[in-house]
Amino acid sequence: MQMVATSLDRPEESAHLLKNERAHRIGKLNVAVAVLTRDRPAMLARCLHSLAELRVPEDTKVSYIVVENGDSGQAQDVTDEFAGGLKDTEVMLRHVPKPSIPAARNEALRAAALHGADLIAFIDDDECAEPEWLRSMIDRFRDSNLELIGGPVSPRFDPHDGSYWMRRAEDGLRSYYENRSRRAQQQLENGQQRRIMIVTNNWLGDMRLFTERGLKFNEDLAASG
């Protein structure tokens, strides 16, 4: 199964307001896209291939951070191949040897801060991004006072002749994601942005949340993230 980070005209979103927003949002933005991976080079390659096809908006500089959460070294060749296909785009590979989802995400935050990123976007290695994925969230960031912007994720299954129960399981998973997206859209339309759950496999965040407010992922939750 491959998950797909999709983009909508009005993405799922949630926010607390910051001061002096317009000057921060109308100029050139430095955006870091972070991908976490662990021993899944084929999936990582598919994810990075989709990122290479992103349509980046004007006045936006994009860099990529791949965080390998493990010590196998399987991400090196895939990341090098991805970097070789990009022009004038920085690709960083970071290693967090001990398995820990929040520690790997915090490493991505550190790398983005050192790189001077204004925004950071997260996507997982088992996902592919639609070409308009990043543009949709950046455009929404520029046109709003939002600090976090999240989008829906939908599952796609490879064709197979699986059993009846496998097909039922796939239908159930597909329905789960569709219902969650529909509920978030309804909350947005009802002005209930603060009640929308944003998960870290498809979101864009203002780096000031982490550099100025000191937010980080709880590394006591190593397995769940």
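User: Which residues of the largest nonpolar core touch the most other members?

Analyst: A note on conventions comes before the answer. This is a predicted model, in which local features need pLDDT of at least 70 and side-chain atom pairs count only at pLDDT 80 or more, whereas totals for chains, interfaces and linings use all residues. Residues are numbered from 1 along each chain as its sequence is written, and side-chain values use heavy atoms, with hydrogens and water left out.

In soluble globular proteins, nonpolar side chains tend to be buried together. A nonpolar core is a set of buried Ala, Val, Leu, Ile, Met, Phe, Trp, Tyr and Cys residues joined through side-chain atoms within 4.5 Å. Buried means under 20% relative accessible area, exposed over 50%, and partly exposed in between (1.4 Å probe, protein chains only). Here the largest core has 28 residues, and those touching the most other members are Val33, Leu48, Leu51, Ile123, Trp133, Leu134 and Leu204. Elements giving two or more residues to this core include strand E3 (29-37), helix H2 (41-52), strand E6 (119-124) and helix H5 (133-142); helices (H or I, at least four residues) and strands (E, at least two) are DSSP runs numbered from the N terminus. H5 supplies the largest share, five residues. A second, separate core of 21 residues includes Val67, Val96, Ala108 and Phe217.

User: How many salt bridges does a search of the whole structure find?

Analyst: Side chains of opposite charge can pair when their charged atoms come close. The criterion is a side-chain nitrogen of Lys or Arg within 4 Å of a carboxyl oxygen of Asp or Glu. The search finds seven. In one of them, Asp125 meets Arg40 at 2.5 Å, N to O. These two are 85 residues apart, Asp125 lying in the loop between E6 and strand E7 (127-129) and Arg40 in the loop between E3 and H2. Asp125 is buried at 2% relative accessible area, while Arg40 is partly exposed at 36%.

User: Which residues form one aromatic cluster?

Analyst: A pair of aromatic rings is described by the distance of the centres and the angle of the planes. Rings of Phe, Tyr and Trp (its six-membered ring) pair if their centres lie within 6.5 Å; planes under 30 degrees apart count as stacked, over 60 as edge-to-face and the rest as tilted. The cluster consists of Phe122, Trp203, Phe210 and Phe217. Four aromatic pairs are found in the whole structure. One of these, Phe122 with Trp203, is tilted, at 5.2 Å centre to centre and 45° between the planes. Phe122 lies in strand E6 and Trp203 in strand E10 (residues 202-206), so the pair ties together parts 81 residues apart in sequence.
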